[in-house]
Amino acid sequence: MMALEEIRRKKAEMGLTNEQLSEMSGVPLGTLQKIMGNVTRSPRYETLKALSAVFENRGWRARGLYDYDPVPDYVREPEAAYNVNRRPIIENTHSYDRQGSYTLEDYMSLPEEQRVELIDGVIYDMGAPSLPHQMIGGEIFTQIMQFVKANKGKCIPFIAPTDVQLDCDNRTIVQPDVMIVCDRSKLNHNMVFGAPDFVAEVLSPSTKNKDILIKSAKYQNAGVREYWMIDPAERKILVMNFDRDTSMDMYTFDDKVPIGIYDGKCVIDFKEISEYISILE
């Protein structure tokens, strides 16, 4: 196995970008960026092993043209519920053959700076969100909070990272980008225990499939009343109203989108949000 400095040297010699090395090794891009930027000075053994495998394998081809499977077997995630293909997780302190059997105890034992979600015993690495992702989530939260304060509402909005023990068991902990909890008995000092009333997730390339295919089913089954999926790339918002037989409404970033659990009295102005994030363009 190569030392970190040798990995960096090889990467530079081959002219690989962080995105290419992430794809070839299976190491999440956010984790890799921290390593290459000297933010993480002591990567985990499994991470170094995955990165070393890229350069030690003789079938390697530069710039994404390679003739071997770039994801090592020991970091593969088994196919389980939902029948979807899921990205492997690298940063884990435990044996990788346990995907599907992790618990709240395993989740709590991970380093505080490592953002993951636990869904039906499977751990998913979340990485660092992009700036537009953070800005959109922050603006939605702000507009909801302003409405709640103005109307002296009992419901409480939260923004990520806030742990939610969604199924009230020890196999699922999620961190919605934005949520609203109306039953205050579900709140304690550490997390939300049970389903929020409203959840909004900002989609990103690394989490899109999970948010659409897996978390939508989890949220519905757990009792979430309303679920928003915001796609910045497509500038669209899909609203799923589980209270109304899973009816779906589609909006764009030019619309004002009503929150169903407030009977449309609270409206999120996405045109305003779009103008706000345009400073990054």
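Modeller: Two strands are said to pair if DSSP finds at least two bridges between them. The model discussed here is predicted.

Biologist: Which residue in strand 2 does isoleucine 119 stand opposite?

Modeller: Strand 1 (residues 116–119) and strand 2 run antiparallel and are joined by four bridges. They form a hairpin with two residues between them, and aspartate 120 in the turn has a positive phi of about 50°. In strand 2, the residue that stands opposite isoleucine 119 is valine 122.

Biologist: Are the residues on the two faces of strand 2 buried or exposed?

Modeller: Strand 2 (residues 122–125) has Val122 and Tyr124 on one side, with Ile123 and Asp125 on the other. Both faces are covered, and these four residues are all buried.

Biologist: How far apart are the end C-alpha atoms of helix 6, and why does that agree with its number of residues?

Modeller: Helix 6 (residues 131–150) has 20 residues, and at 1.5 Å a residue these should span 28 Å. The expected span takes one less than the number of residues, because it is defined that way. The distance between the end C-alpha atoms agrees with this expectation, at 28 Å.

Biologist: Which helix do the buried residues of helix 6 pack against?

Modeller: The buried residues of helix 6 include Met135, Ile136, Ile140, Phe141, Ile144, Phe147 and Val148. They pack against several strands, among them strand 3 (156–159), strand 7 (198–202) and strand 12 (267–269), and also against helix 8.

Biologist: Which element gives the most residues to the largest nonpolar core?

Modeller: That core has 29 residues, of which Trp228, Ile230, Ile259 and Phe270 touch the most other members. Helix 6, strand 5, strand 7, strand 8, strand 9 (236–241) and helix 8 each supply at least two residues. With seven residues, the element that gives the most is helix 6.

Biologist: What is the strand order of the open sheet of six strands?

Modeller: The pairing in this open sheet is mixed, and its edge strands, each pairing on one side only, are strand 3 and strand 10 (247–252). Neighbouring strands are turned by 15° against each other on average, direction ignored. The order is 3-5-7-8-9-10.

Biologist: What angle does the direction of helix 7 make with that of strand 8?

Modeller: Helix 7 (residues 208–222) packs on the sheet, where it touches strand 7, strand 8 and strand 9. Its direction makes an angle with that of strand 8 of about 175°.

Biologist: Which residues does the disulfide join, and how many residues apart in sequence are the parts that the pair ties together?

Modeller: The structure holds one disulfide, which joins cysteine 155 to cysteine 182 with an S to S distance of 2.1 Å. Cysteine 155 lies in the loop between helix 6 and strand 3 and cysteine 182 in the loop between strand 5 and strand 6, so the parts that the pair ties together are apart in sequence by 27 residues.

Biologist: Why is this disulfide right-handed?

Modeller: Cysteine 155, at 9% relative accessibility, counts as buried, and cysteine 182 is buried as well, with a relative accessible area of 14%. The disulfide is right-handed because the torsion about the S-S bond of cysteine 155 and cysteine 182 is about 100°.

Biologist: Is aspartate 197 buried or exposed?

Modeller: Aspartate 197 is found in the loop between strand 6 (192–193) and strand 7. Among the residues that aspartate 197 touches are Cys182, Asp183, Arg225 and Glu226. Its relative accessible area is 12%, and buried means under 20%, so aspartate 197 is buried.

Definitions and conventions. Residues are numbered from 1 along each chain as its sequence is written. This is a predicted model: local features need pLDDT of at least 70, side-chain atom pairs count only at pLDDT 80 or more; totals for chains, interfaces and linings use all residues. Side-chain values use heavy atoms; hydrogens and water are left out. Buried means under 20% relative accessible area, exposed over 50%, partly exposed in between (1.4 Å probe, protein chains only). Contact means heavy atoms within 4.5 Å. A nonpolar core is a set of buried Ala, Val, Leu, Ile, Met, Phe, Trp, Tyr and Cys residues joined through side-chain atoms within 4.5 Å. Axes are lines fitted to C-alpha atoms, for helices over the stretch in contact, and angles run from 0 to 180 degrees between N-to-C directions. A disulfide is a pair of cysteine sulfur atoms within 2.5 Å. Lists of a residue's contacts leave out its neighbours within four places in sequence.
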